[in-house]
Amino acid sequence: MKKTDVIIIGAGPVGLFAVHQLGIKGLKAVVIDNLDKAGGQCIELYPDKPIYDIPAVPECTGEQLTTRLLEQIKPFKTDLFLNERVDEVYQEKDNWIVKTSSKKEFVASSIIIAGGVGSFEPRKLSLKQAESLEGKSIFYSVKNKEKFKNKNISIFGGGDSALDWALELSKFSKITLIHRRNEFRGAQHTLSEIKKLEKKGKISIKTPCQIESLDSEKKLKSITIKFDNGKLEKIPTDTILGFFGLIMKLGPIAEWGLNMDKKTIQVNSENFETNKKGIFAAGDICSYPGKLKLILSGFHEVALASVECFKRARPNEKYKFEFTTSSKTIQGRLGKK
Amino acid sequence: MPKITYKDFQGNSKTIEVENGLTVMEGAIQNNIPGIDADCGGSMACATCHVYVEEKWLNKIQKAEEAEEDMIDMAFEPKKNSRLSCQLIVSEELDGLIVTTPSKQT
């Protein structure tokens with residue numbers, strides 16, 4: 001079990017800035033996120049979209065904002081635990097214990113939930129049989145491409161994941177690429193490579209159509225797709241790869257005994273603590289009268305929450321408010337002399 | 001004020017007056033219409049305000065931009081008449097619009 005001062009759930013902009021606000025107060029933190037990289041919605045949903053309302057930054061993209069925040073928290077050498085979902089949270093005396101999907105355990109006096117709208121998970125096929133075939137014939141990511149050799153693979157989706165894997169797996173499997181409309185949003189040069197392979201008969205592209213049914217007993221044998229004009233077509237398939245994008249699910253957060261308001265966690269607006277002492281929520285996931293879902297609001301929220309985190313982590317010390325411009329202690333923590 | 005009808009997948013419907021300039025999504029959220037989540041708050045960054053627009057209205061409303069279509073790729077059970085309700089701005093021309101919410105958003 002790893003001990004730290006504060007466990008931050010969510011590596012989006014607010015979670016990352018929490019590291020900073022805790023760090024300048026001399027507190028250690030760990031950050032846990034279900035995605036494979038830091039940045040949260042900024043990276044997953046709009047890496048290239050400009051943001052215009054970060055104070056003193058007239059314009060930056062989601063990706064730039066994330067890069068700069070990571071730069072800003074570098075002095076604190078904080079561990080980011082990615083690809084991990086927090087599954088359990090429970091109390092032990094004055095401390096909170098957090099267990100993740102890969103069975104890692106953390107203990108701290110405070111938790112800051114900066115979970116946005118929950119964790120990102122792949123959208124799945126909505127057909128009933130699909131669930132029982134998941135992990136056997138139906139996959140939503142490729143972890144080991146050796147498993148996808150010498151197969152009849154139907155790939156669904158129109159983004160980069162669908163195009164990249166269609167191209168890559170066509171080297172050793174028969175690929176059918178299926179998308180609901182004629183336009184693909186993935187990189188156009190990948191698409192033109194795929195079109196070349198289509199001419200050679202290595203990949204077949206089916207648009208605009210969607211899955212109609214699966215034919216399987218124990219194993220998947222074929223799928224039937226339906227075109228927009230109503231025509232049906234059966235495609236021999238033993239493996240389906242679905243890339244329908246990610247959806248945000250609140251997930252286990254709803255089960256931690258916190259007071260919720262729809263998909264948000266209720267907090268007070270003095271220190272952003274929830275109904276559980278020592279659990280704080282900030283950013284899009286928290287709600288209080290007047291709440292605005294802006295990145296800058298999240299920054300303010302973690303700044304205030306970090307003060308209460310300090311009091312909980314250092315009950316015998318007095319909290320002293322300091323400015324970064326004048327405090328030698330803070331400047332030392334930031335690695336400045 | 002223009003009247004917008006929100007139907008759910010089971011056929012229950014509610015008609016409400018929505019102020020000009022608001023989006024069909026905002027009309028739903030402000031009036032507690034179930035079936036529209038709008039997780040991202042209207043920044044076209046999720047697809048949880050996905051609706052099906054009644055066929056006869058498809059030609060009367062502005063066509064979806066590419067970015068909206070890209071997002072609809074990630075919606076639950078997209079169809080030809082799928083739109084994101086955060087991109088449909090209410091005006092007198094939309095008076096009588098009927099949209100149906102999918103059986104779920106996520």
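## Basis

The model is predicted: local features need pLDDT of at least 70, side-chain atom pairs count only at pLDDT 80 or more, and totals for chains, interfaces and linings use all residues. Residues are numbered from 1 along each chain as its sequence is written, while chains are lettered from A and ligands numbered from 1 in the order in which they are written.

## Chain A overall

Chain A has eight helices and 24 strands. These are DSSP runs numbered from the N terminus: helices are H or I with at least four residues, strands E with at least two. The C-alpha atoms fill a box of roughly 70 × 40 × 40 Å along the principal axes.

Of its 337 residues, 40% are buried (20 or more other C-beta atoms within 10 Å of the residue's own, C-beta atoms being placed from the backbone). Among contacts between residues at least 6 apart in sequence, 59% join residues at least 24 apart. A contact means C-beta atoms, placed from the backbone, within 7 Å.

## The parallel sheet

Five strands of chain A form an open sheet, ordered β12-β19-β13-β14-β15, with parallel pairing. Pairing requires at least two DSSP bridges between two strands. β12 (138-139) and β15 (203-206) of chain A stand at the edges with a single partner strand each, so one side of each has no neighbour in the sheet. β12(A) pairs with β19 (residues 239-242) of chain A over two bridges. F139(A) has L241(A) as its bridge partner in β19(A).

Helix α5 (residues 160-169) of chain A lies across β13, β14, β15 and β19 of chain A, at about 165 degrees to β13(A). Angles run from 0 to 180 degrees between N-to-C directions, with axes fitted to C-alpha atoms, for helices over the stretch in contact.

## Helix packing

Helices α1 (residues 13-23) and α7 (residues 295-313) of chain A pack at about 40 degrees, with axes 9 Å apart. Contact residues include F17(A) and L22(A) of α1(A), and F299(A) and V302(A) of α7(A). The contact residues divide into 10 nonpolar, three polar and no charged. Ala, Val, Leu, Ile, Met, Phe, Trp, Tyr, Cys and Pro count as nonpolar, Asp, Glu, Lys and Arg as charged, the others, including Gly, as polar.

In helix α3 (residues 62-72) of chain A, G62(A), L65(A), T66(A) and L69(A) are buried. These buried residues pack against α1, α2, β4 and β5 of chain A.

## Contact with chain B

Chain B gives 13 residues to the contact and chain A gives 19. The chain B side divides into five nonpolar, two polar and six charged residues.

Terms used. Contact = placed C-beta atoms within 7 Å. Buried ≥ 20, exposed ≤ 12 C-beta atoms within 10 Å, placed from the backbone.
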